[in-house]
Amino acid sequence: GISIEEAEKIALERVPGASENDIRIQSDYDDGKYKYEGDIIYDGKEYEFEIDASTGTILEWSEEDTDQRKIVIRCDKKDDKKYFRSIGIKEREKRI
């Protein structure tokens with residue numbers, strides 16, 4: 001598994017410029033899995049995430065921008081190459 005510090009680093013790498021002062025993260029046990037969940041508030045945006053504590057895979061990532069629209073990117077489905085391409089995310093960016 002990964003440590004909470006490693007999970008924090010994984011999340012912060014997705015928000016250029018954000019630091020450990022901008023993140024809140026905690027461990028959780030849900031649906032039979034340990035995971036880390038939290039949020040990053042940086043530069044007028046709030047990012048919420050869930051990271052698998054065993055693998056370091058980002059399970060869910062969402063971003064709320066200044067006009068209050070919420071963009072949710074699910075990262076736990078297998079056949080979503082077409083979906084990720086349609087929203088401008090390369091396949092390699094969906095898994096860490």
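Residues are numbered from 1 along each chain as its sequence is written, and side-chain values use heavy atoms, with hydrogens and water left out. In this predicted model, local features need pLDDT of at least 70 and side-chain atom pairs count only at pLDDT 80 or more, while totals for chains, interfaces and linings use all residues.

Start with helix H1, residues 4–13. Helices (H or I, at least four residues) and strands (E, at least two) are DSSP runs, numbered from the N terminus. Which residues of H1 are buried? They are Ala 7, Ile 10, Ala 11 and Leu 12. Buried means under 20% relative accessible area, exposed over 50%, and partly exposed in between, with a 1.4 Å probe and protein chains only. An α-helix has 3.6 residues a turn, so residues three or four places apart point the same way. The cover over the buried residues of H1 includes S1, S2, S3 and S4. Such contact means heavy atoms within 4.5 Å.

Now look at the rings. Rings of Phe, Tyr and Trp (its six-membered ring) pair if their centres lie within 6.5 Å; planes under 30 degrees apart count as stacked, over 60 as edge-to-face and the rest as tilted. By this rule there are 3 aromatic pairs. Tyr 29 and Tyr 34 make a tilted pair, because their ring centres are 4.5 Å apart and their planes stand at 55 degrees. Tyr 29 is partly exposed, at 49% relative accessible area. Tyr 34 counts as exposed, at 56%.

Phe 49 and Trp 61 make a stacked pair, because their planes meet at 20 degrees, with centres 6.0 Å apart. This pair links distant parts of the chain: Phe 49 is in strand S3 and Trp 61 in strand S4, 12 residues apart. Buried or exposed? Phe 49 is buried, at 3%, and Trp 61 is buried, at 4%. Together with Tyr 47, these two form one aromatic cluster. Arg 14 lies over the face of Trp 61, 4.8 Å from the ring centre. The rule here asks for NZ of Lys or CZ of Arg within 6 Å of the ring centre and within 35 degrees of the ring normal.
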